[in-house]
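Subject: Handover of a structure

Dear colleague,

Please find the structure below, followed by an account of what was found in it.

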Amino acid sequence: NRLGSLAGVHIDMATSLRRLVENVGISLEDALKMATANPSCLMRLEDSVGFLRPGMPADIVLLDWA
């Protein structure tokens, strides 16, 4: 039952990325930016999260579309 649930609460990030690419037609590169760099910049955290750069935390997830 999804009545009363917040939008997006019932879906994980990997599934969200897949839907953006497969159903909406957004490129994987743009979808990844929407999930990482864009929110980081919006919150003015680009010096600490959202990018893979020297000196920054490197939390990486391997996505397999299989």
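Both α1 (13-24) and α2 (28-35) supply at least two residues each to the lining of the largest pocket. Helices here are DSSP runs of H or I with at least four residues, strands are E runs of at least two, and numbering starts from the N terminus. This is a predicted model, in which local features need pLDDT of at least 70 and side-chain atom pairs count only at pLDDT 80 or more, while totals for chains, interfaces and linings use all residues. Residues are numbered from 1 along each chain as its sequence is written, and side-chain values use heavy atoms, with hydrogens and water left out.

The largest pocket has a volume of about 620 Å³. Its lining comprises 18 residues, and Thr36, Gly50, Leu52, Asp59 and Ile60 lie nearest its centre. A pocket is an open set of points on a 1 Å grid over the protein atoms alone, where a 1.4 Å probe fits and protein lies on both sides within 12 Å along at least five of seven lines; lining residues have an atom within 4 Å of a point. Grid points are joined across faces, edges and corners, and the volume is the space filled by probe spheres set on the points.

As for the fold, the protein has three helices and zero strands, in the order α-α-α from the N terminus. Of its 66 residues, 8% are buried (under 20% relative accessible area; exposed is over 50%, and partly exposed lies in between, with a 1.4 Å probe and protein chains only).

Ser40, in helix α3, is buried because its relative accessible area is 2%. Leaving aside residues up to four places away in sequence, Ser40 touches Leu45, Glu46, Val49, Gly50 and Phe51, a contact being heavy atoms within 4.5 Å.

The segment after α3 (37-42) holds Met43, which counts as exposed because its relative accessibility is 53%. Arg44 also has its place in the segment after α3; Arg44 counts as exposed, at 74% relative accessibility. The phi of Arg44 is near 60 degrees, a positive value in a residue other than glycine.

The accessible surface of the protein comes to about 5,600 Å², with 58% belonging to carbon and sulfur atoms (Shrake-Rupley method, 1.4 Å probe; for residues, only the protein chains shown count as cover).

Yours sincerely
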